[in-house]
Amino acid sequence: MKYAFCQQSGLHQLDSIQIDHPLFKATLLLQGAQIIEFSPLHHHFQNALWLSPSAEYNKGESVRGGIPICWPWFGAADKNPEAIRQSIQRPVAHGFARSSLWQLKEIKESCHQIEVTLILTSSDNSRQYWPYDFELEARFTLGRRLHLQLTTLNTDHRSVNYSQALHTYLPTNSISETRIHGAHNSHYIDALDQWQLKPQRGNINFQGETDRIYQLNISAQTLRAVTPAHTLTLRQSNSRSVVIWNPWIEKSKHLSQFSPNDYKNMFCIETANVLDDAVILAPNASHKISMQLSIEASS
Ligand SMILES: O=P(O)(O)OC[C@H]1O[C@H](O)[C@H](O)[C@@H](O)[C@@H]1O
């Protein structure tokens, strides 16, 4: 690999692309096409993504932090719509893309940004989980901001149904003082209260374990997470569902690559297509979902 700003590297069992650009530093894992670090210059090269201090870099296991890509189903297989459930052959949580090895397709470098494209195509391995042919492309455009676009191309002769999420882990210096703006007057499904539909008024805050699927009114939404230290702005497109998650005290004790106090310093905003917002793709059709993240110091 011969590039000005990118080099191939490794973290324990996993191959990575390390980017050292004048505007940012970043680390992308080939497993899962998972970005685990995006540290922009204007944020003093601190990570704008949360990465678990006890993250492990093992083959076949998603790393706790950054942006795992959940595909072609989100969450527990049995919580997906019937058409998706039917096609799942090995019901691993959040699908198989996050633990599969992706291939590097292209890197484009400039002094303003770096674009890295990774692909995952159907194989004997993927067919053990899901019986369809597909091409999945994750394109990261990194500069002052982080932009991730995930494109699914249906190369099968049948229509496919799938759900997905860009499972973004974000940092906070105080979870109880963190507020998410932009979901006022929407509804959410509360996964911790018998999947009941509830209204959202005002901003979202965290006072206990939180696991909610918001159903937004429009497919291009901007959410703003304000923490005492910084403001994270997340723009999503082609997604009307967003998952908000924090495991809080009890669940933290049972999570892999997670320490009991980590819940105080992280939360997830997951740009998604789940439940009624899941995707149906005809043969040869493609679908793109994307998110853009920026970080500024809070005033
Ligand atoms: O531990 P994982 O399989 O990575 O899942 C972590 C979390 O992901 C999502 O946010 C789900 O809504 C949660 O229910 C789940 O606990």
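Tutor: Two strands count as paired if DSSP finds at least two bridges between them. The model discussed here is predicted.

Student: Which residue in the turn between E3 and E4 has a positive phi?
Tutor: E3 and E4 form a hairpin, with four residues between them. A phi of about 75° is found in this turn, and the residue that has it is glycine 32.

Student: What is the bridge partner of aspartate 20 in E3?
Tutor: Strand E2 spans residues 14–21 and runs antiparallel to E3, to which six bridges join it. E2 and E3 form a hairpin with two residues between them. In E3, the partner of aspartate 20 is lysine 25.

Student: How many of the six residues of strand E3 are buried?
Tutor: E3 pairs with E4 over six bridges, and six bridges also join E2 to E3. Strand E3 is largely enclosed by the rest of the structure, because the number of its six residues that are buried is five.

Student: Is isoleucine 17 buried or exposed?
Tutor: Isoleucine 17 lies in strand E2. Beyond residues up to four places away in sequence, isoleucine 17 touches Ala26, Thr27 and Leu28, among others, and the list also includes Leu104, Val116 and Leu118. The relative accessibility of isoleucine 17 is 1%. The cut-off for burial is under 20%, so isoleucine 17 counts as buried.

Student: How far apart in space are isoleucine 17 and methionine 1, C-alpha to C-alpha?
Tutor: Met1 is one of the residues that isoleucine 17 touches. In sequence the two are 16 residues apart. In space, C-alpha to C-alpha, the separation of isoleucine 17 and methionine 1 is 9.8 Å.

Student: How many disulfides does the structure hold?
Tutor: A disulfide needs two cysteine sulfur atoms within 2.5 Å. The sulfur of cysteine 111 is too far for a bond, because the closest cysteine sulfur, in cysteine 6, is 14 Å away. The number of disulfides in the structure is zero.

Student: Which are the edge strands of the open sheet of nine strands?
Tutor: The strand order is E6-E7-E8-E9-E22-E18-E17-E12-E15, with antiparallel pairing. An edge strand here pairs on one side only. The two are E6 (103–109) and E15 (204–205).

Student: In E22, what is the bridge partner of glutamine 149?
Tutor: E9 (residues 146–154) runs antiparallel to E22 (residues 286–297), and eight bridges join them. Leucine 146 stands opposite leucine 293 in E22. Strand E9 is largely enclosed by the rest of the structure, because seven of its nine residues are buried. For glutamine 149, the bridge partner in E22 is serine 290.

Student: How much of the accessible area of the ligand does the protein cover?
Tutor: Residues surrounding the ligand include Phe74, His94, Val243, Trp245 and Glu270. Polar side-chain atoms lie 3.1 Å from a ligand oxygen atom in arginine 64 and 2.8 Å from one in histidine 167. In the side chain of aspartate 211, an N or O atom is 2.5 Å from a ligand oxygen atom. Of the 390 Å² that the ligand has on its own, the protein covers 80%.

Student: What is the relative accessibility of serine 62?
Tutor: Serine 62 lies in the loop between E4 and E5. Leaving aside neighbours within four places in sequence, serine 62 is in contact with Gln31, Gln34, Pro68, Arg98 and Gln257. Arg98 is also among the residues that surround the ligand. Serine 62 counts as buried because its relative accessibility is 17%.

Methods
Residues are numbered from 1 along each chain as its sequence is written. This is a predicted model: local features need pLDDT of at least 70, side-chain atom pairs count only at pLDDT 80 or more; totals for chains, interfaces and linings use all residues. Side-chain values use heavy atoms; hydrogens and water are left out. Buried means under 20% relative accessible area, exposed over 50%, partly exposed in between (1.4 Å probe, protein chains only). Contact means heavy atoms within 4.5 Å. A residue is near a molecule or strand if one of its heavy atoms lies within 4 Å of it. A polar contact is a pair of N or O atoms within 3.5 Å; within protein, one must be able to donate a hydrogen and the other to accept it, and residues adjacent in sequence count only if both atoms are side-chain atoms. Accessible areas come from the Shrake-Rupley method with a 1.4 Å probe; for residues, only the protein chains shown count as cover.
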